[in-house]
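The sequence and the coordinates are displayed first.

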Amino acid sequence: MASSPSLPPSAPSAASDTGPWPKAELHLHIEGTLEPELAFALAERNGVTLPYATEDELRRAYSFADLQSFLNLYYALMAVLRTEDDFADLADAYLARAKEQGVRHAEIFFDPQAHTARGVPVGTVVDGLARALDRAQETYGISTRLIMCFLRDESAESALATFEAARPHLHRIAAVGLDSAEVGHPPAKFKEVFALAREAGLKCVAHAGEEGPAAYVWEALDVLGVDRIDHGVRCMEDERLVARLAAEQVPLTVCPLSNVRLRVIDDLADHPLPAMLDAGLLVTVNSDDPAYFGGYADDNFTAVRDALGFDAETLRTLARNSFRASFLDEATRERYLAEVDAHATGA
Ligand code: ADE
Ligand code: ZN
């Protein structure tokens, strides 16, 4: 399958001509990297009919009122993902783009229930993704981890059944996560499956405080015991929560372009990222679902640089934070941090 994606024309985040800042991407849904070109190619390969005649017509549907309106399209397009090859091609296309964006390490979400519900076994998904990820270091110079997410608008029993179905594949999975429609689906519903995951030695993350309230961030910390919060921007509505997140240096994987496209914030110039940094939070910048939201990892760096006036020192902090917040071992983390510092000095 073709994997020579065309890249957006924005200038990279680096102040000099040394290329984009080296960075880790910690909030990336692999299904959200499905570009229209690949969607149509896979549709043809698998004999799936899409409800759009052309790639342009599909692209014109990428105008979202909120998270749910995006999720409707996101799940519908997954109909083209059927075989191990499909998942391997999807991940390979992402990694090729990520390399161009300065990504050196990627911790990648996938949504098993969105595939098992269509009759695609979790083993097909994991084996396909793992095939691409296993070659990523050699082919693209990118280290990777997989994070298996539970859909919070499905039942706790479904999450438990998914975890059990994935048990034979846990050696390939670093963490579990929680995503999909947030409001009305508080983290506590998934206490049991997160406890099982932790017992199995996995890290835990959860989307919280994207559309949902700051109270969901508290719950994700106190009931699920998560190691990171995905999004978390609504923590800024709760001073005590901000103080806690700062004191404990809980990483927040913020996705600026996503927040604008899903109308979590009105305008990038009003994004709380500067206030979050000023409050001492361990924030990182990520792309979420880049095929749908107008940009990959470095596109998010350049967007916040341009809209929020971030200088090179702030971008360096964001690049360093991305590795500090990762699930890498200490030695590898230090190696990547040294790369960021070398980039900063032009060494
Ligand atoms: N699944 C894919 N993208 C998501 C997002 N931004 N929030 C919640 N669930 C998601
Ligand atoms: Zn997300």
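The model is predicted.

## Helix packing

Two packed helices are described by the angle between their axes and the distance between the axes.

| Helix pair | Axis distance | Crossing angle |
|---|---|---|
| α4 (residues 84–100) and α6 (residues 122–140) | within 7 Å | roughly 30 degrees |
| α7 (residues 156–166) and α8 (residues 191–199) | within 8 Å | roughly 20 degrees |
| α15 (residues 312–324) and α16 (residues 330–345) | within 9 Å | roughly 170 degrees |

The axes of α15 and α16 cross at roughly 170 degrees, and α15 is therefore roughly antiparallel to α16. Their crossing is right-handed. On the α15 side, the contact is formed by Ala312, Arg316, Ala319, Arg320 and Phe323. On the α16 side, Arg333, Tyr336, Leu337, Val340 and Ala344 take part. By class, the residues of this contact comprise seven nonpolar, no polar and three charged.

For α7 and α8, the crossing angle is roughly 20 degrees, so α7 runs roughly parallel to α8. The crossing of this pair is left-handed. Ala156, Ala159, Leu160 and Phe163 are the contributions of α7, and they meet Glu192, Val193, Leu196 and Ala197 of α8. Seven nonpolar residues and one charged residue make up this contact, with no polar residue.

The axes of α4 and α6 come within 7 Å, and the crossing of these two helices is right-handed. From α4, the contact draws on Glu84, Asp85, Asp86, Phe87, Ala88, Ala91, Asp92, Leu95, Ala96 and Lys99. The contact of α4 with α6 divides into eleven nonpolar, two polar and seven charged residues.

## The shell around ligand 1

Which residues surround ligand 1? The shell consists of His29, Gly32, Leu67, Tyr74, Asp179, Ser180, His207, Glu210, Ser258, Asp288 and Asp289. In terms of residue class, the shell around ligand 1 has two nonpolar, five polar and four charged members.

His231 is not a glycine, yet its phi is positive, at about 75 degrees. His231 belongs to strand β6 (residues 228–231). Is His231 buried or exposed? His231 has 27 other C-beta atoms within 10 Å and therefore counts as buried, the cut-off for burial being 20 or more.

Gln249, likewise a residue other than glycine, has a positive phi near 50 degrees. Gln249 is located in the loop between α10 (239–248) and β7 (251–254). There are 12 C-beta neighbours inside 10 Å of Gln249, so this residue is classed as exposed.

## Selected residues and their separations

Leu73 is part of helix α3 (residues 67–77). Leu73 is partly exposed, because 17 other C-beta atoms lie within 10 Å, a count between the limits for exposed and buried residues. Leu73 and Tyr292 are 219 residues apart in sequence, while their C-alpha atoms are 9.6 Å apart in space.

Arg82 sits in the loop between α3 and α4. Arg82 counts as buried, because it has 20 C-beta neighbours inside 10 Å. When residues up to four places away in sequence are not counted, Arg82 touches Asn46 and Val120. Arg82 is 25 residues apart in sequence from Glu57, with a C-alpha to C-alpha distance of 23 Å.

Ser158 is located in helix α7. With 16 other C-beta atoms within 10 Å, Ser158 is partly exposed. Between Ser158 and Ser69, the sequence separation is 89 residues and the C-alpha to C-alpha distance is 23 Å.

How values were computed
Residues numbered from 1 in each chain as written. Chains lettered and ligands numbered in written order. Predicted model: local features only at pLDDT ≥ 70, side-chain atom pairs only at ≥ 80, totals over all residues. Axes fitted to C-alpha atoms, helices over the stretch in contact; angles between N-to-C directions. Helix = DSSP H or I, 4+ residues; strand = E, 2+ residues; numbered from the N terminus. Parallel < 35°, antiparallel > 145°, perpendicular 65-115°, else oblique. Left-handed = near helix turned anticlockwise from the far one by under 90°. Contact = placed C-beta atoms within 7 Å. Nonpolar A, V, L, I, M, F, W, Y, C, P; charged D, E, K, R; others polar. Near = placed C-beta within 6 Å.
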